[in-house]
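The sequence and structure come first, and the description follows.

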Amino acid sequence: MSLIKCPECGNEISDKAAACPRCGCPINNPSDDQEKIIMSGLCNRVKNAFFVQNGSALLTNKRFIYMKHSLPKTFVLGAFVNLTKGDFEFDIPISQILSIEDGKQGISKTIMINTVDGLKYNFYFTKREEWKIAFGNLLKK
Ligand SMILES: [Zn+2]
């Protein structure tokens, strides 16, 4: 066990603490290896100008996970497809994400994920601003 300083009040606390016992500030524990979901929601992958894959996504402290909805499922369930979990398609470890930037799909704004391998993944999110902030916070670390 080692001691770290509380970012809020400066109190010396254990690096295993979930929160500062003095001020209650939550501690983001670097030694905590557990995967935690930060954001989840509808996410459509823009493959090109003519094809958008309906799906949903999870952003965890370790990776971005994209799950696609199958085409038959989309037809059968229509709008309700948004309430179902899709099939796992792929994930991108946070360490592989070089940056995110604004993209476009028609008149809609998207988020483009640039990987260290030079690949670009374009996604349409319903709560785009919230996703941008979540990505930004993860990439800062
Ligand atoms: Zn504190």
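## Terms and model

A nonpolar core is a set of buried Ala, Val, Leu, Ile, Met, Phe, Trp, Tyr and Cys residues joined through C-beta atoms within 7 Å. A residue is buried if 20 or more other C-beta atoms lie within 10 Å of its own, exposed if 12 or fewer, and partly exposed in between, with C-beta atoms placed from the backbone.

The model is predicted: local features need pLDDT of at least 70, side-chain atom pairs count only at pLDDT 80 or more, and totals for chains, interfaces and linings use all residues. Residues are numbered from 1 along each chain as its sequence is written.

## The largest nonpolar core

The largest nonpolar core has 14 residues, and those touching the most other members are Cys 43, Ala 57, Phe 64, Ile 111, Phe 123 and Phe 125. At least two residues of this core come from each of β3 (37-48), β5 (55-60), β6 (63-68), β9 (108-115), β10 (120-125) and α2 (128-140). Strand β10 gives the most, with four residues. Helices (H or I, at least four residues) and strands (E, at least two) are DSSP runs, numbered from the N terminus.

Contact is defined by C-beta atoms, placed from the backbone, that lie within 7 Å. With neighbours within four places in sequence left aside, Phe 125 is in contact with Gly 41, Cys 43, Ile 111 and Trp 131.

Two strands pair if DSSP finds at least two bridges between them. Strand β8 (residues 97-105) runs antiparallel to β9, with eight bridges joining them. Lys 104 is opposite Lys 109 in β9. The β8 and β9 hairpin has two residues between its strands, and in its turn Gly 106 has a positive phi of about 60 degrees.

Strand β9 is also antiparallel to β10, through four bridges. Here Ile 111 stands opposite Phe 123 in β10; both residues are among the core members that touch the most others. Four residues lie between the strands of this hairpin, where Gly 118 takes a positive phi near 85 degrees.

Six bridges join β7 to β6, and the two strands run antiparallel. Phe 90 in β7 is the bridge partner of Tyr 66.

Leu 139 lies in helix α2. Leu 139 counts as exposed because it has 12 C-beta neighbours inside 10 Å. The C-alpha atoms of Leu 139 and Ser 99 are separated by 7.4 Å, although the two residues are 40 residues apart along the chain.

Methods
Two residues are in contact if their C-beta atoms, placed from the backbone, lie within 7 Å.
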